[in-house]
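Please examine the sequence and the structure shown below.

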Amino acid sequence: MEKEAVIENLYSVFGKYHTSNMHHCDCGCIDPDDVKKLASKKLRELEEEDFCSYHGSALYTWGELVHYKHFLPRILEVHNKLNGQGLIGLYELTVKLAYAKWHTWDEQEIKAIKDFILMDWKEFVNAREVEIEIDDLEYYSFFLELEDLFKVWKMNHTGTGLRNFVHFFYKEGTELLYKGLKIKKRNYDLVFKNFIQQEKLTERLEEAFFKFELADHKLAEKISIVLQMIEQEKNSETA
């Protein structure tokens, strides 16, 4: 699904939820101005500053699940709009959704969220120049299988996806190869090794090296080191 369709589907699936009888703690822990901000605009016009305070207190001391589901499409949309650099990041979303036991929600709701996260991941690794860290893999794999995330990481030799991979592996590769990839006590060593040892990836890295050897020496040097690390890992596996 295209980005627009994914976002529209979120609003459609969660459109049945409302803000009726939405309560909040009145002990003083919630600022009345933040309550006004949340109600000051239509759902699709809300910005992060309007619902940031609400998101921190949602389901704990402000509103119930039906209310959180009402705001969730806009929260996710703004997260993507801010390129994941807002105050409500994937970590905050995973914490809230885990508390809300999202895996028990209606099947359509779960799918709508997963479709959004997949779209957001594709943009994250393939369209934005970002410094990907192991934590990012953890947050995205809260929603989707790591194998599925790797499958859509595009490795065109001139593309942003490959550049992001080179920077990621150059920074994290030694630790990953030495200690393995573990996320929440689950071992992903085989999944990760299958990903980095695929013939297509090696070919794209070699093509990129020759392309950037003169145009971008620093990048070419990183590519060369990454290639050596991957080749050494392959050789150790077959030795």
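In this predicted model, Lys69, Leu72, Leu76, Glu77, His79 and Asn80 of helix α4 are in contact with Glu109, Ile113, Phe116, Met119, Asp120 and Glu123 of helix α6, where contact means heavy atoms within 4.5 Å. Helices (H or I, at least four residues) and strands (E, at least two) are DSSP runs, numbered from the N terminus. Residues are numbered from 1 along each chain as its sequence is written. Local features need pLDDT of at least 70 and side-chain atom pairs count only at pLDDT 80 or more, while totals for chains, interfaces and linings use all residues; side-chain values use heavy atoms, with hydrogens and water left out.

**Packing of the helices**

- Helix α4 spans residues 65-81 and helix α6 spans residues 107-126; they pack at an angle of about 10 degrees, and their axes lie 11 Å apart.
- The axes are lines fitted to C-alpha atoms, for helices over the stretch in contact, and the angles run from 0 to 180 degrees between N-to-C directions.
- By class, this contact of α4 with α6 has five nonpolar, two polar and five charged residues. Ala, Val, Leu, Ile, Met, Phe, Trp, Tyr, Cys and Pro count as nonpolar, Asp, Glu, Lys and Arg as charged, and the others, Gly among them, as polar.
- Helix α1 has Val6, Ile7, Leu10, Tyr11 and Val13 as its buried residues, and their cover includes α4 and α6. Buried means under 20% relative accessible area, exposed over 50%, and partly exposed in between (1.4 Å probe, protein chains only).

**Salt bridges**

- The structure holds 17 salt bridges, each a side-chain nitrogen of Lys or Arg within 4 Å of a carboxyl oxygen of Asp or Glu.
- One of them joins Lys16 to Glu109, with the closest N and O atoms 4.0 Å apart. This pair links distant parts of the chain, since Lys16 is in the loop between α1 (3-13) and α2 (32-38) and Glu109 is in helix α6, 93 residues apart.
- Lys16 is exposed at a relative accessible area of 56%, whereas Glu109 is buried at 1%.
- Glu123 and Arg128 form another salt bridge, at 3.3 Å from N to O; Arg128 is buried, with a relative accessible area of 11%.
- Arg186 pairs with Glu145, the closest N and O atoms being 3.6 Å apart. Arg186 lies in strand β2 (residues 186-187) and Glu145 in the loop between α7 (134-141) and α8 (146-151), so the bridge ties together parts 41 residues apart in sequence.
- Salt bridges with shared partners join Lys3, Asp120, Glu123 and Arg128 into one network.

**Cysteines**

- A disulfide is a covalent bond between the sulfur atoms of two cysteines.
- The structure holds zero disulfides, counted as pairs of cysteine sulfur atoms within 2.5 Å.
- The closest cysteine sulfur to that of Cys27 is in Cys25, at 3.2 Å, too far for a bond.
- The sulfur of Cys29 has its closest cysteine sulfur in Cys27, at 3.5 Å, which is also too far for a bond.
- Cys27 is exposed, with a relative accessible area of 60%, and Cys29 is partly exposed at 48%.

**The chain as a whole**

- The chain has 12 helices and two strands.
- Of its 239 residues, 45% count as buried.
- The C-alpha trace spans about 65 × 35 × 35 Å along its principal axes.
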